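Here's a quick briefing to read with the model open beside you. Take a look at the structure, then work through the points by topic.

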Amino acid sequence: MQLFLKVMLDLFYNKSLNHIRLKSKVQNNSDALPFLFKCAAVLLLFILTGYASYSATITSTASGGNWSATGSWSGGVVPTSADDVVIANGATITVDNNFTCNSVSFTTGASGSGAGTLTVNSGFQLSVTTSITAPGDKNNGLYTISGSGTLACSSLVVNNTSSPSGSASTSIRIISTVTVFNISGNLVMNSTHTNGGSKANNPTLDLQTGTLTVGGSVSFVFDANSNNTDDSATVTLLNGSANANLVLTGATPFSKTGTGGVYTKFNGTSAVVHYKGTSAQTIRATGITTYTTLKINNAAGATLDSATTLSALTI
């Protein structure tokens, strides 16, 4: 990139200089200055747009480390705001300052279960312009998002949409314990199934503590080969400390596409689900045994889609 810019600078300089020399034969050099200024402006615009569009895929080392450390990344390059970040299978990346990147993806290994951890330290925020993704494969995947800081993204995708291989069903699971987790768009739970076989990749989001805010929908998506026997998608607040807060601000808090079992377990010991939209919302009760605490803070109103059991209701 630096060599390319140097070539362009030399080209603009030589062309500008030749133009000035040519003009100086017939008139004062000051007449050529407007042309030089135009060249400089065009070059500056080129440099700015060039840097803005330049991006790369940056993969962590096998062990990972602090986000700010060059040794945490293959090639020794710390990701920039334009880069797509890949956390290698089994690696832990710790966000130790305020950073921005384009996307974050976990990975799975060639054999054995997939794993990886993203930790955001207290006082810091990682801002992800697009998505955070946990992949599906022929093996189970267990990924962790943790820390006392803040994580923000446009979407969280649990299990990508690739068709699984093999015959046994597997679980693609994200455990979230990060203190603040903001998703401006959708939380996407993809369940994928092999056509003609019994192989299914079933996603689970295990929200154990912290506050997760979803600005769009919790979207359960089953592919065309899915069925109610083999395929499922789960969002649970039951495990770990079981004191998580799920805040739903979208007009459609939950949606489902395709055929499969949806499990929404909101009855953790101190779990709270908060419907906090600005337009009318539907409170999901289908498939839920009970809420521990249901909060409704919506002036436009909220309606239950079926009967449910509550330990506590706050309006």
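Predicted model: local features only at pLDDT ≥ 70, side-chain atom pairs only at ≥ 80, totals over all residues.

The structure holds one salt bridge, and its largest nonpolar core has 56 residues. There's also a nonpolar surface patch of about 310 Å².

**The salt bridge**
- Arg-173 pairs up with Asp-206, and the closest N and O atoms sit 2.4 Å apart.
- Arg-173 belongs to strand β11 (residues 170–176) and Asp-206 to strand β14 (residues 200–207), so the pair ties together parts that are 33 residues apart in sequence.
- Buried or partly exposed? Arg-173 is partly exposed, with a relative accessible area of 26%, while Asp-206 counts as buried at 0% relative accessibility.

**Strand β17 and its neighbours**
- Asp-206 also leads us to the next strand: its bridge partner in β17 is Thr-236.
- Three bridges join β14 to β17, and the two run parallel.
- On from there, five bridges link β17 to strand β20 (residues 261–265), again in parallel, with Val-235 standing opposite Thr-264 in β20.
- β17 (residues 232–236) is mostly covered, with five of its five residues buried.
- Ser-232, Thr-234 and Thr-236 point one way from β17, Ala-233 and Val-235 point the other way, and all are buried.

**The nonpolar core**
- In soluble globular proteins, nonpolar side chains tend to be buried together.
- Which residues have the most contacts inside the largest nonpolar core? They are Trp-67, Leu-126, Phe-181 and Leu-187.

**The loop around Thr-108**
- Thr-108 is found in the loop between β6 (103–106) and β7 (114–120), and is partly exposed, with a relative accessible area of 25%.
- Not counting residues up to four places away in sequence, Thr-108 touches Asn-89, Gly-114, Pro-135, Asp-137 and Tyr-143.
- The C-alpha atoms of Thr-108 and Gly-90 are separated by 8.3 Å, with the two residues 18 residues apart along the chain.

**The surface patch**
- Leu-310, Leu-313 and Ile-315 make the nonpolar patch.
- Leu-310 lies in strand β25 (residues 310–314).
- Leu-310 is partly exposed, with a relative accessible area of 32%.

Technical notes. Residues numbered from 1 in each chain as written. Heavy atoms only, no water. Patch = residues over 30% accessible without salt bridge, like charges linked within 9 Å, V, L, I, M, F, W, Y side chains within 5 Å. Areas by Shrake-Rupley, 256 points an atom, 1.4 Å probe, with all protein chains shown as cover. Salt bridge = Lys/Arg side-chain N within 4 Å of Asp/Glu carboxyl O. Helix = DSSP H or I, 4+ residues; strand = E, 2+ residues; numbered from the N terminus. Buried < 20%, exposed > 50% of the residue type's maximum accessible area, 1.4 Å probe, protein only. Core = buried A, V, L, I, M, F, W, Y, C linked by side-chain atoms within 4.5 Å. Contact = heavy atoms within 4.5 Å. Pairing = 2+ DSSP bridges.
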